[in-house]
Amino acid sequence: MTPLLLSARVRTVQTAAMTSPDAGRSRSAAFLALLAIVGMAYYLVSVVAAHLLRPDVHPVSDPVSYYAVGPYGFFIGIAIFALGVGSLALTLGLHLGIAPSGRTRVGLLLLALYGVGQLVVAIFSIDAESAQTTTGIIHNIAGNISFFCFPLAAILLSSGMGKDERWRSLKRPALVLSVVVLVGAILVMVSANVVGGFGIAQRLFLLTTVVWMLLAAIRLRSTTRSAYPGRRSQVR
């Protein structure tokens with residue numbers, strides 16, 4: 001085959017690939033993965049900054065939501081909202097980016113409920129101490145829904161990764177981390193009702209949940225970017 005014909009054939013294959021439904025799904029999933037990564041990273045940076053800006057909130061006993069009440073509250077509210085948006089972006093991205101045999105509808109539904117819960121938590125602020133309002137009640141309900149949905153979502157989604165060859169290497173670390181998330185959830189409940197130290201337990205739980213989502217989003221970004229021709233071919 002002459003170089004001219006070879007070049008024409010390569011362009012034809014590239015055009016067909018770029019216009020195929022699979023390429024479109026991969027592009028969408030890659031964008032959603034990037035959106036999730038940005039949301040998670042912004043949340044982590046904001047919460048770290050809040051600990052420095054708000055020394056009046058006690059990290060040992062007070063929940064992270066207290067940073068959204070008072071000085072810099074709007075700043076932290078945006079961070080929680082970004083976490084919710086990132087979670088929903090990851091949910092849709094995993095739906096598009098994992099083979100049907102490797103994804104679980106229940107796991108994706110639970111992850112979506114977690115994301116919606118975080119959006120509600122961001123919109124409806126927690127009550128200050130000794131106060132009880134409708135806004136605070138909605139905040140607590142949404143927070144509890146998110147709290148109970150995520151560990152099971154992480155375990156189900158991690159278990160299914162082994163059925164997709166592109167995700168198989170992530171299954172074990174993701175599953176181990178999801179079990180750590182579950183242990184963290186148990187510690188949150190114990191600290192809230194028995195031994196104290198709720199603030200630290202909640203922060204550890206939140207950190208592991210965000211790390212799990214970051215790992216999933218990074219792998220999603222990697223696998224989907226390689227599924228469509230994002231650069232010009234080097235074949236001439």
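Mentor: We will go through the fold, the core, a few residues and a pocket.
Mentor: This is a predicted model, where local features need pLDDT of at least 70 and side-chain atom pairs count only at pLDDT 80 or more, while totals for chains, interfaces and linings use all residues. Residues are numbered from 1 along each chain as its sequence is written, and side-chain values use heavy atoms, with hydrogens and water left out.

Trainee: OK, how many helices and strands does the protein have?
Mentor: The protein has seven helices and zero strands, where helices (H or I, at least four residues) and strands (E, at least two) are DSSP runs numbered from the N terminus. Read along the sequence, the pattern is α-α-α-α-α-α-α.

Trainee: And what percentage of the residues count as buried?
Mentor: Of the 236 residues, 43% count as buried; that word means under 20% relative accessible area, with exposed being over 50% and partly exposed in between (1.4 Å probe, protein chains only).

Trainee: Which residues of the largest nonpolar core touch the most other members?
Mentor: In that core of 53 residues, they are Tyr43, Leu90, Leu94, Leu111, Phe150, Trp212 and Met213. Helices H2 (21–53), H3, H4 (105–123), H5 (134–160), H6 (168–195) and H7 (198–225) each supply at least two residues of the core, and the largest share, 10 residues, comes from H7. A nonpolar core is a set of buried Ala, Val, Leu, Ile, Met, Phe, Trp, Tyr and Cys residues joined through side-chain atoms within 4.5 Å.

Trainee: What is Leu90 in contact with, then?
Mentor: Leaving aside neighbours within four places in sequence, Leu90 is in contact (heavy atoms within 4.5 Å) with Ala36, Leu111, Trp212, Met213, Ala216, Ala217 and Leu220.

Trainee: Switching to Thr91, is that residue buried or exposed?
Mentor: Thr91, which is found in helix H3 (residues 73–97), is buried, with a relative accessible area of 9%. A polar atom of the Thr91 side chain lies 2.9 Å from the backbone oxygen of Ser87. Apart from neighbours within four places in sequence, Thr91 is in contact with Leu108, Leu111 and Ala112.

Trainee: Where is Ser178 found, and what is Ser178 in contact with?
Mentor: Ser178 is found in helix H6 and is buried, with a relative accessible area of 0%. Once neighbours within four places in sequence are left aside, Ser178 is in contact with Ala154, Ile155, Ser158 and Trp212.

Trainee: New topic: how much space lies in the largest pocket?
Mentor: About 650 Å³ lies in the largest pocket, where a volume is the space filled by probe spheres set on grid points joined across faces, edges and corners. On a 1 Å grid over the protein atoms alone, a pocket is an open set of points where a 1.4 Å probe fits, with protein on both sides within 12 Å along at least five of seven lines, and lining residues have an atom within 4 Å of a point. Of the 26 lining residues, the closest to the centre are Pro63, Gly143, Asn144, Phe198 and Gln202.

Trainee: Which helix gives the largest share of that lining?
Mentor: H5 gives the largest share, seven residues.

Trainee: Last one: what stands out about phi of Tyr72?
Mentor: Phi of Tyr72 is near 65 degrees, a positive value in a residue other than glycine. Most residues other than glycine have a negative phi. Tyr72 lies in the loop between H2 and H3 and is partly exposed, with a relative accessible area of 46%.

Technical notes. A polar contact is a pair of N or O atoms within 3.5 Å; within protein, one must be able to donate a hydrogen and the other to accept it, and residues adjacent in sequence count only if both atoms are side-chain atoms.
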